[in-house]
Amino acid sequence: MRAMILAAGRGERMRPLTDTLPKPLLRVGGQPLIVWHIRRLVAAGIADIVINHAWLGERIEAALGDGAAFGARLRYSPEPRALETAGGIAQALPQLGDAPFLVVNGDVWCDWDPAQAYAQAGVLDAARGQAWLLMVDNPEHHPQGDFHLLENGVLAATGGRRLTYAGIGVYHPSLFAGVQPGTPARLAPLLVEAIARGTARGSRHDGRWVDVGTPQRLAELDAMLASGTIGATGPGESAGRNTSES
């Protein structure tokens, strides 16, 4: 199985921290945000990882190299300008293959175990599904949520619980068939279409999740990791038991 870490955003809300450093390289708990993801993926047996980048992307490649230091095989998908989420994924599809793949936003921190992606990819293949999303309870900064999760694990336009997309998902390449490589495209409209077709599923995660979108949340996460309030288990070892279908 292959994975993609999204790392092309400018990080406007994190300025001035991101004026000279790409957002995924901001450090929490003693290591860059993106390294948390890489280590968890490798621990789950997912070593083939594609990273897209735009703003200060050369710094990401210089910091991570070919991934050998982490036991990973890293490849890069540079974007002359940020293509947004769906556009970036479509651009990287030749490196991701024909099977369902895992995508992780580079600016979140989560104790979800990526090893669960294998089972979700199998479900997508068996049901001809196109998307599986990790969902979390709505945080204070996003109280309206994103999508409705039904008790059977199907994402729907109404009903069930309205939850927030965690920025972690498993996708079938067919979801991006209509996106022209090199063209900016948002992910949300594609997900809305998949939900309307009945080809999107999800699971609720009640472990730890942080959208590291502001300097304040970055500092809070760093303090929690430093104090041991979260992150007590090693990368890739936690939280599998905390993911449910409803």
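1. How many aromatic pairs does a search of the whole structure find? The search finds 4, where rings of Phe, Tyr and Trp (its six-membered ring) pair if their centres lie within 6.5 Å, and planes under 30 degrees apart count as stacked, over 60 as edge-to-face and the rest as tilted. One of them is F101 with F176, a stacked pair with 6.3 Å from centre to centre and 25° between the planes. This pair joins distant parts of the chain, 75 residues apart: F101 lies in strand β6 (residues 101-105), F176 in the loop between β11 (161-171) and α5 (188-197).

2. On the basis of the note: this is a predicted model, in which local features need pLDDT of at least 70, side-chain atom pairs count only at pLDDT 80 or more, and totals for chains, interfaces and linings use all residues. Residues are numbered from 1 along each chain as its sequence is written, and side-chain values use heavy atoms, with hydrogens and water left out.

3. F101 and F176 are both buried, that is, under 20% relative accessible area, with exposed meaning over 50% and partly exposed in between (1.4 Å probe, protein chains only). Ring pairs also bring in Y171, giving a cluster of F101, Y171 and F176. Helices (H or I, at least four residues) and strands (E, at least two) are DSSP runs, numbered from the N terminus.

4. Strand β12 (residues 200-205) is mostly covered, with 5 of its 6 residues buried. Strand β8 (residues 131-136) runs parallel to β12 and is joined to it by 5 bridges; strands pair if DSSP finds at least two bridges between them. In this pairing A131 stands opposite A200 of β12.

5. The structure holds 1 cavity of 30 Å³ or more. On a 1 Å grid over the protein atoms alone, a cavity is a set of points where a 1.4 Å probe fits but cannot get out, while a pocket is an open set with protein on both sides within 12 Å along at least five of seven lines; lining residues have an atom within 4 Å of a point. Grid points are joined across faces, edges and corners, and a volume is the space filled by probe spheres set on the points.

6. The largest cavity has about 100 Å³ of space. Its lining includes W36, H37, R40, L41, L102 and W109, and the largest share, 4 residues, comes from α1. The lining divides into 9 nonpolar, 1 polar and 1 charged residues (Ala, Val, Leu, Ile, Met, Phe, Trp, Tyr, Cys and Pro count as nonpolar, Asp, Glu, Lys and Arg as charged, and the others, Gly among them, as polar). Two of the lining residues are R40 and W109; the charged end of R40 sits over the ring of W109, 5.3 Å from its centre (the criterion is NZ of Lys or CZ of Arg within 6 Å of the ring centre and within 35 degrees of the ring normal).

7. The largest pocket holds about 1,100 Å³ of space. Of its 38 lining residues, L6, R13, T85, N105 and D107 are the closest to its centre. Strand β11 gives the most to this lining, with 5 residues, and the composition is 15 nonpolar, 12 polar and 11 charged.

8. The second largest pocket has a volume of about 230 Å³. Helix α6 (215-227) and β13 each supply at least two of its lining residues, with α6 giving the largest share, 4 residues. The lining divides into 5 nonpolar, 1 polar and 5 charged residues.
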